[in-house]
Amino acid sequence: MEAEGEAEKKIGIQGLRKRILNHGTSWQTPYPGDEVEVHYSGCIEGRPHFESSRDRGVPFRFKLGQCEVIKGLDEGVVTMKKDERAIFTVPPELAYGEVGSPPLIPPNSVLIFDIELLQWSSIRDLTGDGGVLKKITGEGKGWATPKDDDQVLVKYNARFENGQLIFESDQCLEFYVNDGHACPAPAISKAVKTMRKGEKAELVVKFSYGFNQIDYGSKMSTEILPNSNLTIYLELLSWKSVIDVCGNKEVLKKIVKDGEGLNHPDEGSTVTVIYTGKHEDGAVFEKKGYDGKPFEFICFEVEEQINEGLEKAILTMRKGEQALVIVRSNLLSDEEVIENKALIYEVELIDFTKEKPVWKMESTEKIEACERKKLDGNSLFNNGKFLRASKKYDKEFDYTKIKHIQNRLSINLNYKSENFHMLCRP
């Protein structure tokens, strides 16, 4: 889009000015450290241009913020979008100053640059100390990136600065991001957390970030040279999201297949599932919903119908989602703990129906639902299941917000609720 008449704008406080000739084609701009590719021509104000990449027919590349060009160009190009073209007026303070650059540029010269930003490669310092520099060589899809608990699938190879191969993945490597022993280099664990699905990257890695303290034996194609820097070529093929359901590693959910939409069940929802429960050695101890009729139950009913940890994981699932759920010993019964440190469930959420929302209920329905939640909460409370009781009381409290219902509630609820909160106080 032409913009020849657009007014100049000041950039910063040292006199740099910019006038856009052609607007860019995206909203993104490069960052300091990125390697940019530009066409440019430069001249002293009022004189013919003294240098032009267009005349040479070869774009000019440089890294922003690395003092590879005058300061005025560093500060100007970082404001540009892809395919943007602009005129920059650079004062002496941001060019060659009082000294100039004899014999071509006299002292105190104002310089004019016509710059077109063709493209750039993002280079990131992932460690803050230059230990791992990442350059994107192939764009990924979407916006999401793996997290610490996720399981990633990658391809990679690592080489010394002279190009000599050190180690590589024969085909693909799958590992958990936070598992330092399964990943051959700390730099790979740090980098994958910044990558999108399908993204390819080149990592320039200092020795301390290049190798784990383990013997890779046949994986190494050569001896490790002390204090050697290396380059790792990395591709993130895919990953499986792992959710810490309770926030304490007691219940982990690994998503095998994404579900539909954004909604998920909550307390009181009627859910339909298919699942298989296995011990750590792979032995099956329970199967539900494989007889042609999926298993149906109501979440957080008074009588527990499935393992508590599995139930908590199902509350985080979306319709059609398939997941692998690992339940640790703290959420197993006494019988289960004797022989197992964890139980593993393969589960699919077929469908779910939430309870009728309060705002859709008639007054009589609200009163009945309120009394039902109160009685369920009392039963759970008396059996020492305080967390489940709390959920019932919270749900019941939603109904009691309406004044005429509050007046019809039994005093028993207030008594039970007060006892519950006393037990929960530190």
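What is the relative accessible area of Asn-108?

Reply: The relative accessible area of Asn-108 is 49%, and the residue therefore counts as partly exposed, the class that lies between buried (under 20% relative accessible area) and exposed (over 50%), computed with a 1.4 Å probe on protein chains only. Before going further, please note that this is a predicted model, in which local features need a pLDDT of at least 70 and side-chain atom pairs count only at pLDDT 80 or more, whereas totals for chains, interfaces and linings use all residues. Residues are numbered from 1 along each chain as its sequence is written, and side-chain values use heavy atoms, with hydrogens and water left out.

Asn-108 is placed in the loop between β6 and β7, where helices (H or I, at least four residues) and strands (E, at least two) are DSSP runs numbered from the N terminus. The phi angle of Asn-108 is near 55°, a positive value in a residue other than glycine. The loop between β6 (85-90) and β7 (111-121) also holds Pro-103, and the peptide bond from Pro-102 to Pro-103 is cis, with omega near 0°. A positive phi, near 60°, is also found at Cys-67, again a residue other than glycine; Cys-67 sits in the loop between β5 (60-63) and α2 (71-77) and is exposed, with a relative accessible area of 70%.

Asp-114 is joined to Arg-54 by a salt bridge whose closest N and O atoms are 3.6 Å apart, a salt bridge being a side-chain nitrogen of Lys or Arg within 4 Å of a carboxyl oxygen of Asp or Glu. This pair links distant parts of the chain, with Asp-114 in strand β7 and Arg-54 in helix α1 (residues 53-56), 60 residues apart. Asp-114 counts as buried, at 13% relative accessibility, whereas Arg-54 is partly exposed, with a relative accessible area of 27%.

A search of the whole structure finds 23 salt bridges, one of which brings Lys-253 and Glu-321 together, with the closest N and O atoms 2.8 Å apart. Since Lys-253 lies in strand β16 (residues 251-257) and Glu-321 in the loop between α4 (308-314) and β20 (322-328), this pair ties together parts that are 68 residues apart in sequence. Lys-253 is buried, with a relative accessible area of 2%, and Glu-321 is buried as well, at 1%. Elsewhere, salt bridges that share partners join Arg-54, Arg-85, Asp-114 and Glu-116 into one network.

Another buried lysine is Lys-18, at 10% relative accessibility, which is found in strand β2 (residues 16-22). The side chain of Lys-18 makes a polar contact with the side chain of Thr-79 (3.1 Å); such a contact is a pair of N or O atoms within 3.5 Å, and within protein one must be able to donate a hydrogen and the other to accept it, with residues adjacent in sequence counting only if both atoms are side-chain atoms. Residues up to four places away in sequence aside, Lys-18 touches, among others, Glu-8, Ile-11, Met-80, Glu-84 and Phe-88, contact meaning heavy atoms within 4.5 Å.

Turning to the nonpolar interior, a core here is a set of buried Ala, Val, Leu, Ile, Met, Phe, Trp, Tyr and Cys residues joined through side-chain atoms within 4.5 Å. The largest has 26 residues, and those touching the most other members include Val-154, Tyr-156, Leu-203 and Ile-232. Among the elements that each supply at least two residues of this core are β10 (151-160), α3 (186-192), β13 (200-205) and β14 (230-240), and β10 gives the most, with five residues. Apart from this core lies another, of 24 residues, among them Leu-16, Tyr-40, Leu-94 and Leu-111.

Lastly, confidence: the protein averages a pLDDT (the predictor's confidence in each residue, from 0 to 100) of 82, and 79% of the residues score at least 70. Confidence is highest in β6, at 96, and lowest in helix α8 (residues 403-406), at a mean of 46. Residues 213-222 stay under 50, and the model has 18 contacts for them beyond four places in sequence.
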